[in-house]
Structures are given as C-alpha cells and as structure tokens.
Amino acid sequence: MKSILLGTIGLVAMAAPALAADLPVKAPPPYVPPMYNWSGFYIGGNGGWGMSENCWNVITPAGAVFVDGCHDKSGGIVGGQIGYRWQLPNNHFVAGVEAQGDWADLNKSHISFFDPTLTLGGKVDGLGLFTGQFGFAADTWLWYLKAGGAVTNNTFTVSSTIGGIGLASASSTRWGGVLGTGFEYGFTPNWSVGVEYDHLFMGSADYAFPVANPILIGAFNRISQDVDMVTVRVNYRFNWGTPLVGNY
C-alpha cells in the first residue's frame, strides 16, 4: 500500500508541470500611452503675411461724406507670442490666454478721388493682439478659436501726386477687436508648430489734413481700417504647474 501511495505521488509530481503548461496565462493589459498634454505656460515666435485695408472719406462741416478711395497694403510680419493654456479634465477641451506682438511692413497709397493732385498713403509698422482662446484637442492636434483686443501703429500721409512731395502726415495708435482661428501640432512633448488666421476690426478714426481739403475749410478725413493676418507659429511649452488632465 505504501509503495502504491508513493508511486501515485510521483506520478502527480511528474504530471504537474505538464498540466501547468496547458493552463491559460493571463496577459498583462496593453500599454496605452498618455494623451498629449497642452497645459502650461508657453512662449514662441511667428511670421507670415498681413494685409491692411484703409478707406478714406472726406467729411464736410455739414456732415456730408465724399468717398476718397481705398487701398490694400500687404507685406511681411514677424514677432512673438506668450501665453498659458489649461486642458480641461475631459482631455479634449483647451482654454487659454495669449499676448502677441509683431513688427509689420504694410505700406500702400492711392490717388485721391476727391483731389487727384494728391496721393493718400498709409503704413502699419506694428500690431498687437490680446486674446482668450478655446479649442478642441485630439491628442497631439489642437484646433482653437481666439477673440479679444487688437492694436495697430499707423502712419497716414498726404503727398503730391506729381513729384511725391510730402505735404502732411499723422501717426496714430488704434485699438479694435480681433477674431481668429488656428491649428497646432505637438511634435514633441514641449514643442508645437501651427498656422493661424486673424482678422482685425479696427474701425474708423478722424484726422485733420487741411492740405487735403483746401476748398472745404473745416473738413476732415475719416479713415477706416481692417487687417488680415496669416502666420506660421512655433511654441515651446514649459509645463509649469499641475496639469488638469489625467492619463488614460
């Protein structure tokens, strides 16, 4: 009996490894990489193209309006931006604030409709944007809308059509609003590149150019302005602070 018991134990011991090999092995859960984190303070540079449209009108003391022509001036812009973004807990919605400043070379002129002996010119040499952002993130891709305030630095001139002699000029800093949209791609955990379009609504302002209205004493010029910008942007994000997102 003892020998039978010992033999049975031996057979079980020999069969145990084979039976264990046939049992299914529970695989570890697959690795899911964390979603891209858009939260944090960032700083970057931008460059591209801009166009400013100015329309001139002559306003008489009685309030009559004489159309004096428009011109579109386009050229290069380059500058930088600084901001902060918060990625909301659902991992998809992103909010932020940003300040942007650019040097510009948007310079153009046209011959006055009211007095063809005069040429009316305008130049934008600087602009700034102060905006809030709200966007939708799909991992490393971000689409956003932005809105806020805008400022442009302008010089308006009146010169003789023949000879181009400068007769009068006025400099102004004009405030308005901006609406824009952009796409951004995070190609490393800290670096991103994108493209953005902005439209600046700068309204109208009045300027006194007596030389431009020699017949209508007391008349002045009302100049409207709209600006369009398309820029390529590169940002570096520092990831300071505690992000509001969790990893999947």
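Let me start with one side chain. Thr-152 makes a side-chain polar contact of 3.0 Å with the side chain of Gln-225. By polar contact I mean a pair of N or O atoms within 3.5 Å; within protein, one must be able to donate a hydrogen and the other to accept it, and residues adjacent in sequence count only if both atoms are side-chain atoms.

A word on the model. It is predicted: local features need pLDDT of at least 70, side-chain atom pairs count only at pLDDT 80 or more, and totals for chains, interfaces and linings use all residues. Residues are numbered from 1 along each chain as its sequence is written, and side-chain values use heavy atoms, with hydrogens and water left out.

Back to Thr-152. It sits in strand 5, residues 141-160. Strands here are DSSP runs of E, at least two residues, numbered from the N terminus. Is Thr-152 buried or exposed? Thr-152 counts as buried, because its relative accessibility is 1%. The cut-offs are these: buried is under 20% relative accessible area, exposed is over 50%, and partly exposed is in between, with a 1.4 Å probe and protein chains only. Thr-152 has a side-chain polar contact with Asn-154 too, at 3.0 Å. Contact in general means heavy atoms within 4.5 Å. Leaving aside neighbours within four places in sequence, Thr-152 is in contact with residues including Val-124, Leu-127, Leu-200, Met-202 and Val-227.

Those names come up again in the core. A nonpolar core is a set of buried Ala, Val, Leu, Ile, Met, Phe, Trp, Tyr and Cys residues joined through side-chain atoms within 4.5 Å. The largest one has 12 residues, among them Val-124, Leu-127, Ala-150, Leu-200, Met-202 and Val-227. Strand 3, strand 4 (118-138), strand 7 (191-207) and strand 8 (220-237) each supply at least two of its residues. Which strand gives the most? Strand 4 does, with 3 residues. Apart from this core lies another, of 10 residues, including Trp-56, Leu-118, Val-158 and Tyr-207. In soluble globular proteins, nonpolar side chains tend to be buried together.

Ala-150 belongs to the largest core. Not counting residues up to four places away in sequence, Ala-150 touches Leu-129, Trp-175, Val-178 and Leu-200, among others.

Next, Ser-192 in strand 7. Ser-192 is buried, with a relative accessible area of 1%. Its side chain makes a polar contact of 2.5 Å with the side chain of Glu-184. Beyond four places in sequence, Ser-192 also touches residues including Trp-38, Tyr-185, Phe-187 and Arg-233.

Now the pairing. Two strands pair if DSSP finds at least two bridges between them. Strand 1 and strand 2 are antiparallel, over 19 bridges. Tyr-42 has Gly-83 in strand 2 as its bridge partner. The two strands form a hairpin with 5 residues between them, and Gly-63 in the turn has a positive phi of about 95 degrees. Strand 2 also pairs with strand 3 (residues 93-111), antiparallel over 11 bridges. There, Gln-87 stands opposite Val-94. That hairpin has 5 residues between the strands too, and Asn-91 takes a positive phi near 75 degrees.

Last, the disulfide. The structure holds 1. The term means a pair of cysteine sulfur atoms within 2.5 Å. Cys-55 and Cys-70 form it, with their sulfur atoms 2.0 Å apart. The pair links distant parts of the chain: Cys-55 in strand 1 (residues 40-59) and Cys-70 in strand 2 (residues 65-87), 15 residues apart. Cys-55 is buried at 18% relative accessibility, whereas Cys-70 is partly exposed at 40%.

How values were computed: Helix = DSSP H or I, 4+ residues; strand = E, 2+ residues; numbered from the N terminus.
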